[in-house]
Amino acid sequence: MAVSEGASTVERFMVFNDGMGTLADTDPALLRAWLSDVESELATVLRDLTDRLGAMHADASVMGEALSRAALGGKLLRPRLMGEVVDAYGGPLDHEACRVSVALELLHTTLVVHDDVIDDDLTRRGRPNVAGEFAALHARRSGQRIDHSAGRSDAKGIAVIAGDLALASVFRLVHRAPLAVRDEVCQLMDDALVASAVGEYLDVVHSWPGVRPSDADMRSAAHLKTAVYSFETPLVLGALFADAPAEHVVALRDAACNMGEAYQIADDVLGAFAHDTVLGREIASDLENHRETAVITAARKTANWPRIEALRSGTLNVHGIAQLRRELLSSGARELAMTRAEALVTSASASLDEVGVPTRLSAAMRDLMESMLERAR
């Protein structure tokens, strides 16, 4: 089942679910309906933010509009993870859980906007990202190229501001969580933000000249940058709202750590090798920025590493990146990285099965992980 360009998030969820196989013992209708509510609430929050910006100055509303285009239309992975847990343990998929899921999605939006600024990318999902929109706006108003240095710099600055606005909305929402769980919700979201900041910091400094991160360093960065906010936080929030057993929460945290690293590996593989129509954003920015990704970590263990290292130290223009990609492919680094990801998925699934989490939840997590790996194969 193909996804049309104008498909709603719920339609995208249905396709995403279909691609992952049938979940055991569960009718996803309730979760789909709830995700529709999440999408509607997300749109409402962003519309209200846009209105507030426009009330202060008519031109400023463009920041809210750009954020809306960035945030809406995705797979709602993090709300979906939270909803899967709440539903599996018989908790209420209600408006309170919906509001916290919107906060999760806005935290993701914040981090994506800022990450694109750090990577100097102007596209995401095959279209201009927030910075790209303002680079295009600068070009229209100044008559210069979209990639003109001054326009690009200004656009990235505005994107940072827009990302900060999304982050403010995150904490405005979590402070309205039910009183019984408000402190825990706020702490989990705060921890997720701090972990993401540390992970992004490590991702940047690991690429500095002369820095050679160990495998443990790379795993720590992936855990902090991706696993905590994308997997651990939504799964634990779902357990909190559904009052899941404590030993199951521990298993969910363990699985989230492995799922997050596997997800990051798959993303690194796509970033290194996928065509831009597959990845939906500027490709090869990790290679161009000398990022120490899972692919590079794997390549260091191959016989091709001296040639790869020499290419990385040269000028990475379009020709140089193409050469580097070919050398990485021939080295077997892609296969090594994916083998590691598959082992992590197996470990994550085992940690859930060992404590006897609900069958429907274990099946959902297994199918989700297999789907994300299949995209990178």
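Entry 1. I began with D243, which lies in the loop between α9 and α10. Helices (H or I, at least four residues) and strands (E, at least two) are taken as DSSP runs and are numbered from the N terminus. The model is predicted, so I note that local features need pLDDT of at least 70 and side-chain atom pairs count only at pLDDT 80 or more, whereas totals for chains, interfaces and linings use all residues. Residues are numbered from 1 along each chain as its sequence is written, and side-chain values use heavy atoms, with hydrogens and water left out.

D243 is not a glycine, yet its phi is positive, at about 55 degrees. Most residues other than glycine have a negative phi. I then looked up the accessibility of D243: its relative accessible area is 69%, so D243 is exposed. For this term, buried means under 20% relative accessible area, exposed over 50%, and partly exposed in between, with a 1.4 Å probe and protein chains only.

L76 sits in the loop between α3 (61-71) and α4. Its relative accessible area is 3%, so L76 is buried.

**Entry 2. Confidence.** I looked up pLDDT, the predictor's confidence in each residue on a scale from 0 to 100. The protein has a mean pLDDT of 88, and 90% of its residues reach 70 or more. Over residues 1-26 the value stays under 50; the model has 53 contacts there beyond four places in sequence. Residues 276-282 also stay under 50, with 22 such contacts. Contact here means heavy atoms within 4.5 Å. Where pLDDT is low, the predicted coordinates should not be read in detail.

**Entry 3. Salt bridges.** I applied the rule that a side-chain nitrogen of Lys or Arg lies within 4 Å of a carboxyl oxygen of Asp or Glu. The count comes to 20 salt bridges.

Which residue pairs with D119? The partner is R291, with the closest N and O atoms 3.3 Å apart. D119 lies in the loop between α5 (95-118) and β1 (123-124), and R291 in the loop between α12 (285-288) and α13 (294-299), so this pair ties together parts that are 172 residues apart in sequence. Both D119 and R291 are buried.

K225 and E200 form a salt bridge through their side chains, at 3.9 Å from N to O. K225 belongs to helix α9 (residues 215-242) and E200 to helix α8 (residues 182-205), so the pair links parts 25 residues apart in sequence. I find K225 buried, at a relative accessible area of 17%, and E200 buried, at 13%.

For R253 and E232 the N to O distance in the salt bridge is 2.4 Å. R253 is in helix α10 (residues 246-273) and E232 in helix α9, so parts 21 residues apart in sequence are tied together. R253 is partly exposed at 32%, whereas E232 is buried at 15%. I also noted one network, formed by salt bridges that share partners, which joins D115, D119, E200, D203, K225 and R291.

**Entry 4. Cysteines.** I searched the whole structure for disulfides, defined as pairs of cysteine sulfur atoms within 2.5 Å, and the rule gave a result of zero. C98 is in no disulfide, and the nearest cysteine sulfur, that of C186, is 17 Å away. C98 is buried, with a relative accessible area of 2%, whereas C257 is partly exposed at 29%.

**Entry 5. Helix α17 and S362.** S362 is found in helix α17 (residues 359-376). Is S362 buried or exposed? I find S362 buried, at 3% relative accessibility. Other buried residues of α17 include L361, A363, M365 and L373.

The side chain of S362 makes a polar contact of 2.9 Å with that of R366. A polar contact is a pair of N or O atoms within 3.5 Å; within protein, one must be able to donate a hydrogen and the other to accept it, and residues adjacent in sequence count only if both atoms are side-chain atoms. Beyond its neighbours within four places in sequence, S362 touches L352, D353 and V357.

I then checked the length of α17. The expected span of a helix is 1.5 Å times one less than its number of residues. The 18 residues of α17 should span 26 Å, and the end C-alpha atoms are 27 Å apart, which agrees.
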